[in-house]
Structure formats: structure tokens, C-alpha cells
Amino acid sequence: MEAVLLNTSAVYLKWQPPAAESLNGVLRNYHVIVRGYDMYNMSRVLTNMTVDGDSPKLMLANLTAGVTYSVSVSASTNVGYGPYSPPSILRLDPSTNKLDQGYVR
């Protein structure tokens with residue numbers, strides 16, 4: 001998953017669709033789960049959304065600097081949802097106002 005910082009509170013995410021040979025039918029949509037982690041490393045689902053299958057991208061807005069977010073994506077066909085991607089970890093570094101994808105919880 002590719003992430004690009006748009007400003008101090010928004011990130012543009014883009015991912016590759018699954019390989020055609022691994023699909024069980026026509027790709028219909030993606031299910032995206034965004035989790036946030038507090039200072040005690042407790043996670044909670046912040047948003048749970050569906051994105052059109054023709055558009056493997058999403059803009060996350062209203063992010064808070066210093067909070068760690070994880071994003072997982074699952075593709076869907078008429079058969080159902082596939083496995084979720086390994087989570088991509090995102091954190092807006094409060095000291096530099098830059099996106100830190102190498103951050104480890």
C-alpha cells in the first residue's frame with residue numbers, strides 16, 4: 001500500500017488490486033478497516049468502509065499527529081470477501097509533521 005501525506009491531517013492511500021487469477025469473479029469492491037491505537041497500545045476501529053472495486057484508493061482525513069493508525073483492505077467479488085491485507089501502519093510524526101510508515105507500535 002502506498003501512502004502520500006497531503007497535509008498535516010490527511011493521507012492519500014493507493015493499493016494494487018489482487019491478481020486476476022486469484023479472483024473468483026468480477027472485482028466488485030474493497031472493504032477497508034482503519035484502526036487507531038492509543039498510548040496503551042489498545043486498538044479500536046475508527047472507520048469501516050466500502051470502496052468501489054474500480055478505484056483502489058482512499059483519502060483518510062482528520063488524522064491526529066502522534067496517533068498510530070493501521071489500514072487493512074479486503075477485495076470482494078460475487079463469491080464474497082477475500083483475506084485482508086497485512087495492516088499498513090501509518091503515523092503522522094508530531095515533531096516533523098511528516099508521515100512515518102516505519103513506525104513500530
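Me: In which loop is N62 found?
Reply: This is a predicted model, in which local features need pLDDT of at least 70, side-chain atom pairs count only at pLDDT 80 or more, and totals for chains, interfaces and linings use all residues. Residues are numbered from 1 along each chain as its sequence is written, and side-chain values use heavy atoms, with hydrogens and water left out. With helices (H or I, at least four residues) and strands (E, at least two) taken as DSSP runs numbered from the N terminus, N62 is found in the loop between β5 and β6.

Me: Is N62 buried or exposed?
Reply: Phi of N62 is near 60°, a positive value in a residue other than glycine. Buried means under 20% relative accessible area, exposed over 50% and partly exposed in between, with a 1.4 Å probe and protein chains only. Since N62 has 69% relative accessibility, it counts as exposed.

Me: How many strands does the protein chain have?
Reply: Read along the sequence, the protein chain follows the pattern β-β-β-β-β-β-β-β-β. The count for the protein chain is 0 helices and 9 strands.

Me: Which geometry class does the pair of W15 and Y30 have?
Reply: A search of the whole structure finds 1 aromatic pair, where rings of Phe, Tyr and Trp (its six-membered ring) pair if their centres lie within 6.5 Å, and planes under 30 degrees apart count as stacked, over 60 as edge-to-face and the rest as tilted. W15 lies in the loop between β2 (10-14) and β3 (29-37) and Y30 in strand β3, so the pair ties together parts that are 15 residues apart in sequence. Both W15 and Y30 are buried. The ring centres of W15 and Y30 are 5.4 Å apart and their planes are at 85°, so the pair is edge-to-face.

Me: What percentage of the residues of the protein chain count as buried?
Reply: The C-alpha atoms of the protein chain fill a box of roughly 45 × 25 × 20 Å, taken along the principal axes. Of its 105 residues, the share that counts as buried is 33%.
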